[in-house]
Amino acid sequence: MREVWGRVVRLLAADDPETGRLVRLLLSLVLAWSLAAAEPDRVPALLWSALGVSMACWLAFVLLDGRFPRVAVAALAAGSAVAASVSGSVEPAPTVFVFAMLLLFAAHMTPSMAAIAAVTATDLVLMVGSLLWWEQPRSAIVVRGTVVMLTVLFALQRRQYRQAQHDRARAMALDERTRIARELHDVLAHSLGALGVQLEVAEAMLTERGDVEGAVARVRRARALAREGLVEARSAVAALREDVPPLPDALSLLVTEHRRDHEAPAELRTTGTRRPITPAAEVCLLRTAREALTNAAKHAPGEPVTVEIGYGEGAVRLVVRNPYAAAAPSSGHGLQGMRERLALAGGTLSAGPSGGLWEVRAEVPE
């Protein structure tokens, strides 16, 4: 029983709260109640026929909306028009049908604004004509017309809100897809490009010079590049899935790996109040720290490195420092790629000598 209830709760949670299954179930109960409450002696055959057609249109909408939404909303519009044509009778059932079906039609995302305006105008004309036919007072015409307009305006306001939410979600999804494409492109283009160059040089050494030792060295370098590219790809995928640990923990892991792999002193410092940041900012800072540590190991092997992460007012700052005597700016992809990545995230990057040390400084807004 608990499992069944859990499925029901999940189904309702995933449903549209305004036009979904629960709303349709409640409206179906209201429409059925309005038919059951009608007094047979006051309901002529014409009225029963109209109500039967409207109910059939409603059931068609409920059954067809999932697969054929255009047909479903057309049935809804037809049902509201039929009910509006007999809404001038003394029975409240036709009026209930009109309001319920027109409310859901105007709130539905399928019909256009022109279709909603046309159906609303048609229902109003039919309702006024029906009220005049049944000789209802003019005040009833004004009241019901006003209620119909307010109902449609409310439904349109909710429809507009839901459309804005949908557009926002779609824009966020497109931004995320762009970020994923950029991450994978950076990793694969850099790694595979360098790998291809090493293999081409190895082939030239073997075929043109017969330099086996040089070719073997190039192949070993290509293997190392492939291994580094695999690590980069896994890191990028983990970051995109947001499976990476918090930024200070991830930086601590990078520093520990640098200390172990290069047998060089490395230290991590954290300033400010530690807090979560956006995945895009985290990816930028982690990739910048990795690039800076790689450059430190290449240009200043065995020298101490300090990595500092600082949480400021509305921004997070990363600073990597190592001795300048043997350091050199990164060339090629390196820090230039990181600078472009940070710029896309609204951040900045600078690299150069500072106080006798080589300093890489990156800052991104939260």
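Predicted model: local features only at pLDDT ≥ 70, side-chain atom pairs only at ≥ 80, totals over all residues.
Residues are numbered from 1 along each chain as its sequence is written, and side-chain values use heavy atoms, with hydrogens and water left out.

**Helix α2 and its leucines**

I placed Leu22 in helix α2, with helices (H or I, at least four residues) and strands (E, at least two) taken as DSSP runs numbered from the N terminus. Leu22, Leu25, Leu26 and Leu29 form a nonpolar patch on the surface, with about 390 Å² of accessible area together. Such patches are made of residues with over 30% relative accessible area and no salt bridge, like charges being joined within 9 Å and nonpolar side chains (Val, Leu, Ile, Met, Phe, Trp, Tyr) within 5 Å; the areas come from the Shrake-Rupley method with a 1.4 Å probe, and for residues only the protein chains shown count as cover.

**Salt bridges**

I then listed the salt bridges, each a side-chain nitrogen of Lys or Arg within 4 Å of a carboxyl oxygen of Asp or Glu, and the structure holds seven of them. Arg24 pairs with Asp65, the closest N and O atoms being 2.3 Å apart; this pair links distant parts of the chain, with Arg24 in helix α2 (residues 21–36) and Asp65 in the loop between α3 (45–64) and α4 (69–85), 41 residues apart. Both Arg24 and Asp65 are buried.

For Asp249 and Arg274 I noted a closest N and O separation of 3.0 Å. Asp249 lies in helix α9 (residues 247–262) and Arg274 in the loop between β1 (266–271) and α10 (279–299), so the pair ties together parts that are 25 residues apart in sequence. Asp249 is partly exposed at 36% relative accessibility, and Arg274 is partly exposed at 45%.

I also recorded a network of salt bridges that links Glu308, Arg317, Arg321, Glu359 and Arg361.

**A backbone entry**

Last, I checked Glu135, a residue other than glycine whose phi is positive, near 55°. Most residues other than glycine have a negative phi. Glu135 is found in the loop between α6 (113–133) and α7 (138–209), and at 70% relative accessibility Glu135 counts as exposed.

Notes: Buried < 20%, exposed > 50% of the residue type's maximum accessible area, 1.4 Å probe, protein only.
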